[in-house]
Amino acid sequence: MSATSKPKVAFYWCASCGGCEETVVDLAEDILGVVEKVELVLWPVALDFKYDAIEAMPDQSITATLLNGAIRSSEQEEMARLLRRKSQFLLAYGSCAMSGGIPGLANQFPLEQILTFNYEAAPTLVNEARTRPQTSFSEAGRETTLPRLHNLVRALDQVVEVDYYIPGCPPTPNITRAALGALLEGNLPPKGSVLAPDIALCDECPRKRSKPAALSFTAFKRPHQLLIDPSLCLLAQGVLCMGPATRSGCGAQCPAGNMPCTGCFGPTSRVRDQGLKILSSVCANVEAKEEKAIANTLDGIPDPVGAFYRYGLAKSLLRRKVNLGANGGPQPRIQP
Ligand code: SF4
Ligand code: SF4
């Protein structure tokens, strides 16, 4: 088979940490099998391809693009739109592309507050001139430009249409291998599907038999604050575990490793808002009935947004925090 008759595949990253790229490398020798079957046309983390080469390709000539990372900057939005146009299938790869991920937690703060802290106020910073990155700079008749940061962090499907989702922070090699196999064999579920089992994580958790039918929370503890019993359901030990509100497919590797699930596979198809699902369960099962005692119990969850919406704030019903204007009303709508 000549190189040109193979399916063309692209990998690209936007606002992410690089972990998703590591998973592709973690496929180890399997990646060689994939590489034999496809023609890689873009993978900036590993291979030197140029923007102009992608732009010159006919529309829809890339069989599949796996894009990881959220959309925070003008450059990322431009690349998402370009790759959408050039690809038959666009896959949101990993939590950040699927639902905003950890970068989406920045939607708790206005962009100006983030820039002020990072370039002027951070205690570890030395920046007396208070310089900030500029979007354009001219010197000796030459102009250099940098991407503009958007006000909001968005998931990929809040910018362009997405065909499939591969969850995880990062996705495991197993589900990545299965997704690539399904793509190459044309064995795909309905468009819009998440390529992972549609059952809750508790169903594949080795501790599931000890999960109480009725929970009753008197205190919440973080993993470093107790000696976790390795066989008992974490919720039964007062450790917040997102398992009941999270999609399976990772092999429950965090509870199996004595750590709570933090929800990186996102919700099942029956759950609209992952954070609300576990929040309502927690609140309904706090044993205390008096306001002060309830507050004492919930003090064990010091960062509720980070706990309940660690990977999904940008796609949640909340989506972002809005500061009230001077008269108590909402600020004017902020453009992305
Ligand atoms: S430890 Fe977590 S994932 Fe496992 S059964 Fe309990 S709540 Fe579910
Ligand atoms: S157990 Fe939860 S946080 Fe850990 S990998 Fe699986 S889905 Fe992600």
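Exposed means over 50% relative accessible area, buried means under 20%, and partly exposed lies in between. The model shown in these views is predicted.

**View 1. Arginine 130 sits in a loop and has a positive phi.** The loop runs between α6 and β6 (136–139). Arginine 130 has a relative accessibility of 54%, so it counts as exposed. Its phi is near 55 degrees, and arginine 130 is not a glycine. Most residues other than glycine have a negative phi.

**View 2. Glutamate 120 lies in helix α6.** The helix spans residues 111–121. Glutamate 120 has a relative accessible area of 29%, so it is partly exposed. Leaving aside residues up to four places away in sequence, glutamate 120 touches Leu115, Leu125, Arg130 and Arg132. The C-alpha atoms of glutamate 120 and leucine 317 are separated by 32 Å. Along the chain, these two residues are 197 residues apart.

**View 3. Alanine 252 also has a positive phi.** The value is about 50 degrees, although alanine 252 is not a glycine. Alanine 252 lies in the loop between α7 and α8 (253–256). Its relative accessibility is 0%, so alanine 252 counts as buried.

**View 4. A cis peptide bond joins cysteine 169 to proline 170.** Omega is near -5 degrees here. Most peptide bonds are trans. Proline 170 lies in the loop between β9 and α7.

**View 5. The largest nonpolar core has 48 residues.** Leu66, Leu91 and Ile166 have the most contacts inside this core. Several helices and strands supply at least two residues each, among them β1 (8–13), β3 (62–68), β5 (87–93) and α9 (274–284). Helix α7 gives the most, with four residues. A second, separate core has 23 residues, including Ala10, Leu67, Ile71 and Ala97.

**View 6. Isoleucine 166 touches residues from other parts of the chain.** Not counting residues up to four places away in sequence, its contacts include Leu66, Leu91, Tyr93, Met98, Ile175 and Leu195.

**View 7. Ligand 1 sits in the largest cavity.** Residues around ligand 1 include Cys202, Cys205, Cys233 and Cys241. Arg207, Lys208 and Lys211 are also among them. The shell divides into eight nonpolar, one polar and three charged residues.

**View 8. Ligand 2 has a shell with no charged residues.** Seven residues of this shell are nonpolar and four are polar. Among those surrounding ligand 2 are Cys250, Cys254, Cys261 and Cys264. Leu201, Thr246 and Phe265 also belong to the surroundings of ligand 2.

How values were computed. Residues numbered from 1 in each chain as written. Chains lettered and ligands numbered in written order. Predicted model: local features only at pLDDT ≥ 70, side-chain atom pairs only at ≥ 80, totals over all residues. Heavy atoms only, no water. Near = heavy atom within 4 Å. 1 Å grid on protein atoms, 1.4 Å probe; cavity = no way out; pocket = protein on both sides within 12 Å on 5 of 7 lines; lining within 4 Å. Sits in = over half its atoms within 2 Å of the grid points. Nonpolar A, V, L, I, M, F, W, Y, C, P; charged D, E, K, R; others polar. Core = buried A, V, L, I, M, F, W, Y, C linked by side-chain atoms within 4.5 Å. Buried < 20%, exposed > 50% of the residue type's maximum accessible area, 1.4 Å probe, protein only. Contact = heavy atoms within 4.5 Å.
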